[in-house]
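Please examine the sequence and the three-dimensional model shown here before reading on.

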Amino acid sequence: MEIENMRKTFLFICAAFILSLPGCRRSTTGNTASTTSTAAIAAINLPTLKCNTCVATVKRTVASMDGVESAEVDLKAKNVTVHYLAAKLDIGRIETGISSAGYDANDVRRDSTAYRNLPECCK
Ligand SMILES: [Cu+2]
């Protein structure tokens with residue numbers, strides 16, 4: 001009886017050890033590793049940026065896009081620095097997203113309807 005319990009405990013420890021082997025984990029995270037290897041950075045000019053509300057709007061817009069890891073908006077320099085995954089996103093789509101929020105992005109003109117809907121301080 002006691003030997004049987006020891007045998008079960010031993011088998012349980014073996015199973016736990018096998019499941020925690022690095023080899024098993026590597027196979028499940030392999031895809032993540034390959035997409036992070038395409039990490040890219042883009043600085044996009046925001047010539048129509050005016051105030052801190054603009055900064056918050058652009059930051060929220062860009063940060064919510066699939067593939068964006070971080071977005072830092074600089075009100076003085078009037079630009080946004082975007083860290084993104086090149087496999088999921090490109091600069092053109094980031095520009096279009098910013099335009100849809102009512103702001104010029106590089107040479108892409110802002111969406112006029114979105115601009116009209118911005119708070120007064122941002123026009
Ligand atoms: Cu503003």
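Donors are N, O and S atoms within 2.8 Å of the metal (3.2 Å for Na, K and Ca), and because water is not among the atoms, sites may look incomplete. The structure is a predicted model, in which local features need pLDDT of at least 70 and side-chain atom pairs count only at pLDDT 80 or more, while totals for chains, interfaces and linings use all residues. Residues are numbered from 1 along each chain as its sequence is written, and side-chain values use heavy atoms, with hydrogens and water left out.

Which residues coordinate the copper ion? The SG atoms of C51, C54 and C122 do so, at 2.1 to 2.2 Å. Along the chain, these donors follow the spacing C-x2-C-x67-C. A residue is called buried under 20% relative accessible area, exposed over 50%, and partly exposed in between (1.4 Å probe, protein chains only). C51 is buried, with a relative accessible area of 17%, and C54 is also buried, at 0%.

Helices (H or I, at least four residues) and strands (E, at least two) are DSSP runs, numbered from the N terminus. Helix α3 covers residues 52-63, which makes 12 residues, and it reaches 16 Å from its first C-alpha to its last, close to the 16 Å expected. That expected span is 1.5 Å times one less than the number of residues.

The view may now widen to the whole protein chain. Its secondary structure comes to five helices and three strands, which run α-α-β-α-β-β-α-α from the N terminus on. Of the 123 residues of the chain, 30% count as buried. A contact means heavy atoms within 4.5 Å. Among contacts between residues at least 6 apart in sequence, 52% join residues at least 24 apart.

Finally, S112 lies in helix α5 (residues 112-116) and is partly exposed, at 44% relative accessibility. The C-alpha atoms of S112 and S100 are separated by 8.6 Å, the two residues being 12 apart along the chain.
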